[in-house]
Amino acid sequence: MSQIVNNLVIASIHTSHIPIKIIFDLLTSLAYFTIPIAILVFVRKRKQLKFKWIYICFTLFILLCGITHLLHVLPYIVSFKHLNPLTTIAAALTSTISIITAILIWLLMPKLLSIPSTEELEKANKEILYLAQYDTLTGLTNRNYFNIQMEQAITEAKENRQQLAVMFIDLDRFKMINDTYGHRIGDLLLEEASRRIVSAVEDKDIVSRQGGDEFILLLKDVSPDGAEVTVKKILQYLSSPFNLDGKEIHCTLSMGISCFPGDGMDAETLIKYADLAMYKVKETGRNNYKFFNKAMNEEISTKLLLENDLRKALLKNELEVYYQPQLDLQTNRIVAVEALLRWHHPDKGFMSPAEFIPIAEETGLIVPIGEWVLKEACKQTKLWRDQGHDLSISVNLSNQQLISNTIVEVIKEITSQTELNPQYLTLEITESMAITNLTDTLNKLKELQDFGVNISLDDFGTGYSSLSYLSTLPIDSVKIDKSFINDITNKTKKEIVKSVSSIAHSRGLTVVAEGVEEEEQLNIVRSLGIGMIQGYYLSKPIPSEEMQSRFLLSSFV
């Protein structure tokens, strides 16, 4: 092939003897050499380059073509004896490198063809932009794009002296629906709910899905009264049942509203206040709406300060365990005590558990605090038993402790560290806690029972109030809630207590009446065959020292 190329080139040169032809051929040869230089400059400028071997081979190919062409032109300019062998070698090299280059190009052709066209790149950019700005499930504006749009709307509202309203929406009990019917139904519910919300607002307004079952609305150029009209319309639109995949599902929502400029002048503040107002709706019953007010902000500030103080309370030894005695009515002896948490705040003094326990549960602090209470109570009970007092201890478990995967190991470790025999420890749970995840709860309670710990069903009657739990749950005792004992003179309440007591005794369970405060209540409880009482008739919760001096060092009569 090199010889053919060589002959063709020579033939083309010798067909004309015009001097200007030689000049053009010489310029063509020189042009060949400029192309590799241009390629080298390009490669140097592009630090990251794909298919480098193609560039190298193509550069050699052009360079050899230039040399071959020049060797054919030189005899017309200067005489050179050994030009023919050099021409042959150059032609052979040119042929070889051209074949290699061709092979590499064909091998790389599929990759080169996969490089997107301008139209494809434009389409991909639009899709990327859409994903960056909109929620893929509902098609609504996403969180980031909503914030951008809201900042723009606030700027316009300031310039035009307009009002805005921000609405934070949360679907009530969405997790329960999702867990019960599955994620497919949950997604269908979110899609349909978003459509109903959009249909209730005007075209100028913005509806955004923030994530999960949370939505934010921005109502433009609207007064608080106008926002309230839209809120009621949304509540009405979502009050109708959802027919999803053949299933009729009811879903309500809770809404919080903040207004510009009255409640805030920036997006972050307005969203925060709307969110806060929404949570106040959750606390007071759901399926409603509230406008933000300054009292809510003061409340959340107080809660945050209290949370910070509570985090330090354990380290500063501000927490203390109080004990409330339980009386065995047959032997008239204090046979058990319940451990109850108390907090002596350095500035606010003695604080009611009702003030800080909910905060501890919301923040997750209840888990380390609960473990501390359990350890202190077991340590104190072991000390009393070593002193000769035949006592058991009852400790309340929080829901977060019970659902923890390590709760059984934690309790085993604490009883081991304090050297308290597990048979003298009773863990109190509520009905609502027990059925949150019934199968998991049953397994954990059974494992604790096998270890020797006693289980008590606390506040019976205030949760889901099903007598079936007395036979379903692995429990050793049941505590009848004080709300029944308070009205035990009422015939209906008395019969309920009697029924619970009879069923519990038939199962071999110990029954404890909580909240006994008067002698008349005590006499009725005794007449119903209930074996143990607890309440202010005996004592309010007291420190360990007082517990020992009042009840353990003398017989209770």
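The model is predicted. The chain has 557 residues, and 42% of them count as buried. Its secondary structure comes to 22 helices and 16 strands.

**The chain as a whole**

- The chain exposes about 30200 Å² of surface, and carbon and sulfur atoms supply 55% of that area.
- Among contacts in the chain with a separation of 6 or more, 68% are between residues 24 or more positions apart.

**The largest pocket**

- Strand β9 gives the most to the lining of the largest pocket, with five residues.
- By class, the lining of the largest pocket has 17 nonpolar, 12 polar and 10 charged residues.

**The second largest pocket**

- At least two lining residues come from each of β1 (164-171), α7 (174-181), α10 (267-283), α11 (294-313) and α12.
- Helix α10 gives the most to the lining of the second largest pocket, with seven residues.
- The lining of the second largest pocket divides into eight nonpolar residues, one polar residue and 15 charged residues.
- The second largest pocket lies between domain 2 (135-292) and domain 3 (316-552), because both domains give residues to its lining.

**Backbone details in loops**

- The peptide bond from F260 to P261 is cis, with omega near 10°.
- P261 sits in the loop that runs between β6 (253-260) and α10.
- R173 is not a glycine, yet it has a positive phi of about 55°.
- The loop between β1 and α7 is where R173 is found.
- R286 also has a positive phi, of about 70°, although it is not a glycine.
- R286 belongs to the loop between α10 and β7 (289-291).
- R286 counts as partly exposed because its relative accessibility is 32%, which falls between the 20% limit for buried and the 50% limit for exposed.

**Partly exposed residues and their partners in space**

- K233 is part of helix α9 (residues 224-239).
- With a relative accessible area of 33%, K233 is partly exposed.
- K233 and S199 are 34 residues apart in sequence, and their C-alpha atoms are 9.6 Å apart in space.
- E156 is part of helix α6 (residues 143-160).
- The relative accessibility of E156 is 42%, so E156 counts as partly exposed.
- E156 and K220 are 64 residues apart along the chain, and 9.9 Å separates their C-alpha atoms.
- N293 lies in the loop between β7 and α11.
- N293 has a relative accessible area of 35% and is therefore partly exposed.
- From N293 to A274 the separation is 19 residues in sequence and 9.8 Å in space, C-alpha to C-alpha.

**A buried loop residue**

- D481 is located in the loop between β14 (477-480) and α19 (482-486).
- D481 is buried because its relative accessible area is 9%, and buried means under 20%.
- D481 and F460 are 21 residues apart in sequence, while the distance between their C-alpha atoms is 5.3 Å.

Note on methods: Residues are numbered from 1 along each chain as its sequence is written. This is a predicted model: local features need pLDDT of at least 70, side-chain atom pairs count only at pLDDT 80 or more; totals for chains, interfaces and linings use all residues. Side-chain values use heavy atoms; hydrogens and water are left out. Helices (H or I, at least four residues) and strands (E, at least two) are DSSP runs, numbered from the N terminus. Ala, Val, Leu, Ile, Met, Phe, Trp, Tyr, Cys and Pro count as nonpolar, Asp, Glu, Lys and Arg as charged, and the others, Gly among them, as polar. Domain bounds come from an automatic or database domain assignment. Buried means under 20% relative accessible area, exposed over 50%, partly exposed in between (1.4 Å probe, protein chains only). Contact means heavy atoms within 4.5 Å. Accessible areas come from the Shrake-Rupley method with a 1.4 Å probe; for residues, only the protein chains shown count as cover.
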